[in-house]
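Please look over the sequence and the fold shown here before reading on. The report that follows takes up a few local features in turn.

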Amino acid sequence: MSGPRRSHLAAAWRLLRAVGHVLHGLWVIRTEFGRLTPDACALLVREWSRQMLGILGVQLVVRGTPPERGPMLLVANHLSWLDILVMDAAHPARFVSKADVKHWPVLGALITGAGTLYIERESRRDAMRVVHQMAAALQAHDTVAVFPEGTTGDGRELLPFHANLIQAAISAHAPVMPVALDFVDAASGQRSDAPLFVGDTTLLQSIWSTLRAVGVQAVVHYGPAQTADGRDRRAWAQDLRSAVNDLREAR
């Protein structure tokens, strides 16, 4: 559903401000992250992400309770290039993302600098490599986030959850927290399609659509954390998909 739109001039001004904010973020990562504690870096990531949402004109709405600390694996539905930014604004995490994200203009360098783990989705061997990296991060008490659908959806129905990456939580004996993402129009409360990045839509088209939209809210809904309780990764992935879907329907 589409709502009011900004003028091309107003959107272009926001785009210029966003590019400046990204460049500032890259500078901070390269000059500050090496000498700061992980908690201090996470605070910088959260504040930078919140400021970027403000520049884009997207309001953050958080429901439920984010994890206080790791180890925690967050599993969320996937709608947009904005998802990582939105989740970092609510509670920073190390994300697992498809490998082509690192080649996005400017944004890729920023996402990489924030500690993202990349996966070649078509390679089973690469999935196992990333599972080992995720398990190590969880054992180090990090918060790690994945999108088990493996690709972006249109927000109307969840895609099947791939179970491979859930193995990391089982191997590390770490809890998993379901997270539901949604974009809504603040005035009507209806779903907003402006930030969607799906189908034939290009990254630049999705960014421009977001910049022109007015009154978009990004909703992050955290559910109760779960432990494996004897479930294998496939059974747990199905249960987590149901939990994320319940959170989506609760809006």
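**Basis of the element names**

Helices (H or I, at least four residues) and strands (E, at least two) are DSSP runs, and they are numbered from the N terminus. The structure is a predicted model, and the features below should be read with that in mind.

**Backbone features in the loops**

In the loop between helix H5 (124-139) and E5 lies His 141, a residue that has a positive phi of about 70 degrees although it is not a glycine. With 54% relative accessibility, His 141 counts as exposed, because the cut-off for that class is over 50%.

His 173, which is placed in the loop between H6 and strand E6 (176-185), likewise is not a glycine and yet has a positive phi, here of about 55 degrees. The relative accessibility of His 173 is 73%, so this residue too counts as exposed.

**Packing of H2 against H3**

Helix H2 (residues 38-56) packs with helix H3 (residues 83-90) at an angle of about 125 degrees, and the axes of the two helices are 7 Å apart. That angle makes H2 oblique to H3, and the crossing of H2 and H3 is left-handed. On the H2 side the contact is formed by Val 45, Arg 46, Trp 48, Ser 49, Arg 50, Met 52, Leu 53 and Leu 56, which meet Leu 85, Val 86, Asp 88, Ala 89 and Ala 90 in H3. Sorted by class, the contact of H2 with H3 has 9 nonpolar, 1 polar and 3 charged residues.

How many residues of H3 are buried? The count is 8 of the 8, so H3 is largely enclosed by the rest of the structure. The buried residues of H3 are Asp 83, Ile 84, Leu 85, Val 86, Met 87, Asp 88, Ala 89 and Ala 90, and among them Leu 85, Val 86, Asp 88, Ala 89 and Ala 90 are in the contact with H2.

**The aromatic pair**

A pair of aromatic rings is described by the distance of the centres and the angle of the planes. When the whole structure is searched, 1 aromatic pair is found. The rings of Phe 95 and Phe 147 have centres 6.0 Å apart and planes at 20 degrees, so the pair is stacked. Distant parts of the chain are linked by this pair, since Phe 95 lies in strand E3 (residues 94-98) and Phe 147 in the loop between strand E5 (143-146) and helix H6 (167-172), 52 residues apart.

Is Phe 95 buried or exposed? At 2% relative accessibility, Phe 95 counts as buried, and Phe 147, with a relative accessibility of 2%, also counts as buried.

**Surroundings of Gln 167**

Gln 167 is found in helix H6, and with a relative accessible area of 22% it is partly exposed. If its neighbours within four places in sequence are left aside, Gln 167 is in contact with Val 131 and Arg 233. Gln 167 and Arg 241 are 74 residues apart in sequence, while in space they are 15 Å apart, C-alpha to C-alpha.

Definitions and conventions
Residues numbered from 1 in each chain as written. Predicted model: local features only at pLDDT ≥ 70, side-chain atom pairs only at ≥ 80, totals over all residues. Heavy atoms only, no water. Axes fitted to C-alpha atoms, helices over the stretch in contact; angles between N-to-C directions. Parallel < 35°, antiparallel > 145°, perpendicular 65-115°, else oblique. Left-handed = near helix turned anticlockwise from the far one by under 90°. Contact = heavy atoms within 4.5 Å. Nonpolar A, V, L, I, M, F, W, Y, C, P; charged D, E, K, R; others polar. Phe/Tyr/Trp six-rings, centres within 6.5 Å; stacked < 30°, edge-to-face > 60°. Buried < 20%, exposed > 50% of the residue type's maximum accessible area, 1.4 Å probe, protein only.
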